[in-house]
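Today I am opening the notebook on charged side chains and their partners. Here is the entry I start from.

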Amino acid sequence: MKLSRQFTVLGSAIFCVVIFSLYLMLDHIDYSKNPNGERNQNGQLGILQDKIDHLERLLAENNEIIANIRDSVINLRETVKDGKMFPEGSMSQGNGELLPPAPALLPIHSEDCQFAARTYSKAADGVQMLDVYDLLSFDNPDGGVWKQGFDISYQDNEWDNEPLQVFVVPHSHNDPGWLKTFDDYYRDQTQHILNNMVVKLHEDSRRKMIWSEISYFSKWWDGIDEQKRDAVKRLIESGQLEVATGGWVMPDEANAHYFALIDQLVEGHQWLERNLGVKPKTGWAVDPFGHSPTQAYLLRQAGLSNMLIQRVHYSVKKHFASQKTLEFFWRQNWDQDSSSDILCHMMPFYSYDVPHTCGPDPKICCQFDFKRLPGGRISCPWRIPPQAITDNNIQERKKSKLFRTNFENYQKLFDYMNSHPELHVQAQFGTISDYFEALRKSTGMDPVGMNVGQLAFPVLSGDLFTYADRDDHYWSGYFTSRPFYKRLDRVLESHLRAAEVLYSLTLANIQKYGQPSDYPAVDNYKLLTEARRNLGLFQHHDAIAGTGKDWVVVDYGTRLLVACNPTEQARTSMVTVYVTTPKVRVLDALGHVVRAQVSAVWNDASHAATDLSFVAQAAPLGLSVYQLMEGMEPRTEAAKYMFLQDGMKISVCCKVIHLGMTLKCPENISCLQKMRLKEDDSEFLVKVEFAWYGTTSNKDKSGAYLFLPDKEATIYSPSQPPVVRVTKGPLFSEVTTTFPHITQNLRLYNIHGVEGQSVEICNTVDIRGEINREIAMRITSDLNSKDRFFTDLNGYQVQPRKTMAKLPLQANFYPMTSMVYLQDSGTRLSLLTAQSLGAASLKSGQLEVIMDRRLNQDDNRGLGQGVLDNKITANSFRLLLEKRSSAEEETAPYSYPSLLSHMSFMYLNHPFISMAVSQRSDAPSLIPYSPLSASFPCDMHLVNLRAIQSKVWGGPSEQAALILHRKGFDCGFSNRNTGLLCTTTRGKIHLEKLLTDLKVKSISHVSLSLMHTHSSDANPQEISLKPMEIRTYRLQLS
């Protein structure tokens, strides 16, 4: 799908408008009603112009977007009186004190280590996907009419005693953008489908249909009259129309981060609750290219009981069909009971269209696809058109043989079959939940509820990647395709989350202290809603494909810089802004001078600008204020530079707290050769280099979806040696290596914090001049990882992988949303990523990540074009080396990052958000804001604090959705000198004790998307989560 650039501008501009509005609102609420009487301010706040350069400077083709965002203007007026730039003394919204130093030994409760250390126990009737992959030969013999399966036979009298029950589920799959834009699809097709649905369902009460994508449904709903709305509601009440899944889109399950998966699900479910009173029961995912257990878990947590999936490797489908295990309970790898189980139906055949759903022979099934009748726009490719139904062409019995119970989806034949009682068939239109209800009833389970009862089906654990639909056609190319948009997606997620949290806190402060007359609460909520929905569209399985960092341009006079900490832990982190002069002084909120580093910005060989970097501190979810003044300052030091070429050896040493790195650029082009841990001075081979992939010479070639390489990768070796720039400074040192297609930046931070524990890697890639080539970063180490490596699934959990020689090279690539790592008995090497990409470990000790793809042809999967819209793209990573003190089971189907790894990912993907504010004589005071009195536990993540829309008006209600995730982590790593400012608390949080000024007015445990309310906890103030659990609370603060 080609995404409109307006999404980029809109999402960023929304953040610019909302974030400044929220901060100034929080800072200038009338506190006269505060019984403590800390503040009473009145006056006039003039116009503040913010010029936010919101996207990566290095993305040269994005200049138009940058210009649009930079020109955003925010008009805010507040009343102030006797305001000071940096007030002294007590401050109700933050004491301005420096954060305490991180403890030398991170305090971890012993009970919190038991989860990852427990012994693996497989379910008695369990199917583990790692075992299935070991078992299968992945050959592709001709299966006859079912090309990828086998011949199915049955006896004429099999259904004499138990009639075959057939459910035909009419559905319409509407991509929110693919070959056309979202709006074009809606105008040309979708609105007509929905209008026709209302007419046709009302003509016959026996007709039924399901709908999935709320993005389209809500747009249609806004345009229809009340009479048609009432008709739709009657169809839903009668059971003729079912909303399946009910998310904003049918999301991709490989590249999407779980924050975005949850956000689009909540947006869809909240719309349904507000407009239709509908609570979806069944998931419907017929088009994502492979399936993740993370999505299964999220649906279960949202209160859904069942789900259906389609795009699974043809060998896996054939195996499950032969075992009659196409229906199963999908259980999370880490779950040792049935708490995460959800009943799942895997469609057995090639696709979800009529020719591939009624039975194994598409030639016969196509004869009942009545849209293909002679004279129509499309026909059957098997050259046998639809025809009248006879006794000789009924195929439903064969498909039913693949399932333990006789249920199936078939075409519109039930009138014919029901009129022939000798066939022993009961056929009807049904929704997908009708089917699952009958299935559950026939096996003695709770027909509609969450209680699974006695397990009538096997339990499956693991994921369903990497997808292949035929031959060696593995869909591992789309893990990387259009990395610019994959990076952009991650930036927008971070900004939207920060805006959501600050907005919810603003509303609570307004409720407590009174609302200023001109605070645009409704307008800001509408902007947030629009941003949510645009981000949701990004998660569609044909869409997610993101950009670079935020850069704030600080032009002088004296400026204030507000640093927003979007994480729930107190934090020390680097902030970098553009400045117009290297003569800069940085002051904190108490007026103390902050150590800083100024560095040149190298746009090209003839031009240099200036970066200002300093170490900022902020409370959890807090805002810090720094003053930037022009003038000489001894504590602001300039970086020093050295340039090298022609393969000269270099060595960079800087006073990194716990990590040392030796760098050199020999003839083989690698500028990272070794890493040394300061803790015990141990040294490891860690070599970073690049490699090219071509595409096969066969008829079918790599494209947007498929990865079909011609051979193993060849080392990237340009004819000219690279230009190497070495930067040495007090806060960071780096080596920048410029090749014809890549500029690689390796940076070491010399700070007491998480960022000082890893190597930062930024690869700026430009392959726009290439033909059918893909470029990869290869990391080679001396770790004895054998054929095992680990990739995450949606940033939520880690899946062990095994590189298999029996599979083609492209089959051994898997999606990497947040991290990939290798390990042996003593060491783990993790690559943390700021964008989703495809990753593999093709040899022991080696990691490989595809960074960009340029392909000149379509891969015959419907897109109709190659991948030729490449942009200069900055891929960002952190490389973390950790010593292991204990080894996990080799056979365990799960693995967990360390706490340091979790936090390093958070710092990479949720950096401080810098906002420059002009200083004017009539401006109000800006002071630090600290909504929490202490950090969240290290393993507790605030997924979101999301304002909920009022049911009676278009603005926000007084409630918010508090979504928490307790991360699973491995204690088998050093917890010394991690730089973390948090601890663990056995999964317990006393929320009100964490809040600085606000109080909890009400809190209730609800399902993930707020559809269902659970029984109240004994002590609602104390929140308790199990490891890996994601839980939502309906919260009202005051």
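**Salt bridges**

I looked up the total and found 39 salt bridges in the structure, a salt bridge being a side-chain nitrogen of Lys or Arg within 4 Å of a carboxyl oxygen of Asp or Glu. A note on the model: it is predicted, local features need pLDDT of at least 70, side-chain atom pairs count only at pLDDT 80 or more, and totals for chains, interfaces and linings use all residues. Residues are numbered from 1 along each chain as its sequence is written, and side-chain values use heavy atoms, with hydrogens and water left out.

**E500 and R532**

I checked E500 next: its salt bridge is with R532, and the closest N and O atoms are 2.6 Å apart. E500 sits in helix α15 (residues 483–513) and R532 in helix α16 (residues 521–538), so this pair ties together parts 32 residues apart in sequence.

**E633 and R585**

I then found E633 in a salt bridge with R585, the closest N and O atoms being 2.8 Å apart. E633 lies in the loop between β19 (623–630) and β20 (636–638), while R585 is in strand β16 (residues 584–587), so the pair ties together parts 48 residues apart in sequence. I noted that salt bridges with shared partners join D263, E267, E500, R532, R533 and R946 into one network.

How values were computed: Helices (H or I, at least four residues) and strands (E, at least two) are DSSP runs, numbered from the N terminus.
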